[in-house]
Amino acid sequence: MPGVVDVDVVVIGTGFGGLYALRKMRDELGLTVQSFDDADGVGGTWYWNRYPGARSDTEVNAYCYLSDKTLFEEWKWSERYPRQKEILAYLNHVADRYDLRRSIQFGTRVTKTAFNEETGRWEIETSKGDQYTAQFLIEGVGLLSSTNYPNFPGEEKFTGEIYHTARWPHEDVDVTGKRVGVIGTGSSGTQVIVELAPAASHLHVFQRTPQYCVPAQHGPLDPEKMQRIIDGFAAYRESVLTSITSFGFEESPVPAMSVSAEEREAVFEEAWRQGNGFRFMFAAFSDIGVDPDANAAATDFLKRKMAQIVKDPETLRILTPTDLWAKRPLCNDGYFETFNRDNVTLVDVKAHPIVEITEKGIRTEDAEYELDVIVYATGFDAVSGMYLKIDQTGRGGVTLQQKWHDRPRTTYGMMTAGFPNMFMIYGPMGPFTNQPPVHEWQVDWMAAAIKYVLDNDLGTIEPEVAFEDQWMGSCDEIAYATLFMKVNSWINGSNVVGKPVTNYFYMGGMGAYNELVGGAVTEGFPGFGFGKQLATA
Ligand code: NA7
């Protein structure tokens, strides 16, 4: 077709996963690759989430690529938890170092993908009107990328400034002397609250559900620790990819209730001192995320810590969670301390929900709060949201929106039956872990699948429906045995109005996933079907 460009692989997205997919497919497999990104630069989530205070809450030794030791050695991080600017600089360095930009079209959204059953190729359209065909389609569109923007009535009347943390402007937003309202107290909310409070004349925090939060213990990077990792790099990478969470720390094998109350207290105290939410949840004891008693012991400790920090009893009451600790664990320094400031007020919007945005600010059921700046820290239509924003059609004219109407269905979180040769990096029903090293692992798996198809002249690969059903069943069996399905959060889709509330993850840990899914490569991809490509480009 005239004007249509044929390539081997189209990659959507240039975050951690998309950049690595481009490099892997183009430079290691020697395929022709075209990448697209809606943004004007690389970075994915780190391009968009520029809000004050934005930073990784994974320790940086695991929040980076681990596939190239030289890259790991040459890039010098400054802090234990890098800020958004530093992570974005790293990803820009990666794009330059591997000469990736020449294969990326920025400012271009992929709007439509359709599998042509006669040619065995994907037909891809973009917001700029480009048309491509590709044998393989890799979607690195982001787990936490499609914003959740609550539709409060009256927003258009507000005369001040409105921002969403995940769509923060590129230029600095100066809140000095301004009355600021932040809606939301997840990872983004807690970070932006701590950062904006000192500058604002007054900060109102509109909290719907209270959160547990442990200290991060921010600080400079420990160069000796990094050197130890470099010295034993292969073993370190292996340990990350065979652990449960891939966070780069040693997880505990010890159940919380198997030790004495005194010992438990000492372990929690040490975990608090070391900082990091995931570390507290997974390195203190083995079962905080699955055993209600272990979880209660942890929350009892965390509530006592909060009570030692927060001075005003009513603020403490509103801030104190009453449910399990089974959202994504947060960590941040100075979060609860911020509520001791004279210029910070906590508003309980569970008790009195927001009813509208007015000309002057936010009106809840019982009061109106006058504001100059409103910050939505309301999170994401996570996991499946970005895939469903693209008009995608697989075999038999079935769209992804139709297939996933009741819930997203995938095999290994990387492919979905009826959509041959379409791969998802960290798609639904993939492992619940720290992401960058797992992105690399999954892209390596995709590269092995693609190579298998090409070497054997098979044309396409796709999961069989019955096999996908088995995967879904085992994901659900594991997830419903955890506590994460018992508390509302983006992990189970309950944060977005109208979204299916269900399991979105494989919660068996990266180590088990690595063994099970990695084994498919050497076994010739059991459970997958292959079809001859009917025509070549
Ligand atoms: P989260 O963790 O989903 O947090 C969103 C917050 O916004 C949370 O406190 C929500 O309260 C609140 N929210 C959402 N909608 C509303 C409405 N309509 N009214 C009041 N409050 C609302 O998103 P984040 O961006 O902080 O973090 C997402 C992930 O990104 C994080 O876990 C890391 O993995 C990185 P709720 O708890 O739903 O009552």
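1. T190 counts as buried because its relative accessibility is 1%, where buried means under 20% relative accessible area, exposed over 50% and partly exposed in between, computed with a 1.4 Å probe and protein chains only. Please keep in mind that this is a predicted model, in which local features need pLDDT of at least 70 and side-chain atom pairs count only at pLDDT 80 or more, while totals for chains, interfaces and linings use all residues. Residues are numbered from 1 along each chain as its sequence is written, and side-chain values use heavy atoms, with hydrogens and water left out.

2. T190 is found in helix 5, helices being DSSP runs of H or I with at least four residues, numbered from the N terminus. Leaving aside residues up to four places away in sequence, T190 touches T185, L330, N332 and Y335, a contact meaning heavy atoms within 4.5 Å.

3. Helix 5, residues 187-196, also gives the largest share of the shell around the ligand, namely 3 residues. There are 19 residues around the ligand, of which T185, S188, R208, T209 and R328 come nearest; a residue is near if one of its heavy atoms lies within 4 Å.

4. Oxygen atoms of the ligand lie 2.6 Å from an N or O atom in the side chain of S188, 2.8 Å from an N or O atom in the side chain of R208, and 2.9 Å from a backbone N or O atom of S187. Taken alone the ligand exposes 780 Å², and the protein buries 85% of that, with accessible areas coming from the Shrake-Rupley method with a 1.4 Å probe.

Conventions: Polar contact = N/O pair within 3.5 Å; in protein donor to acceptor, adjacent residues only side chain to side chain. Helix = DSSP H or I, 4+ residues; strand = E, 2+ residues; numbered from the N terminus.
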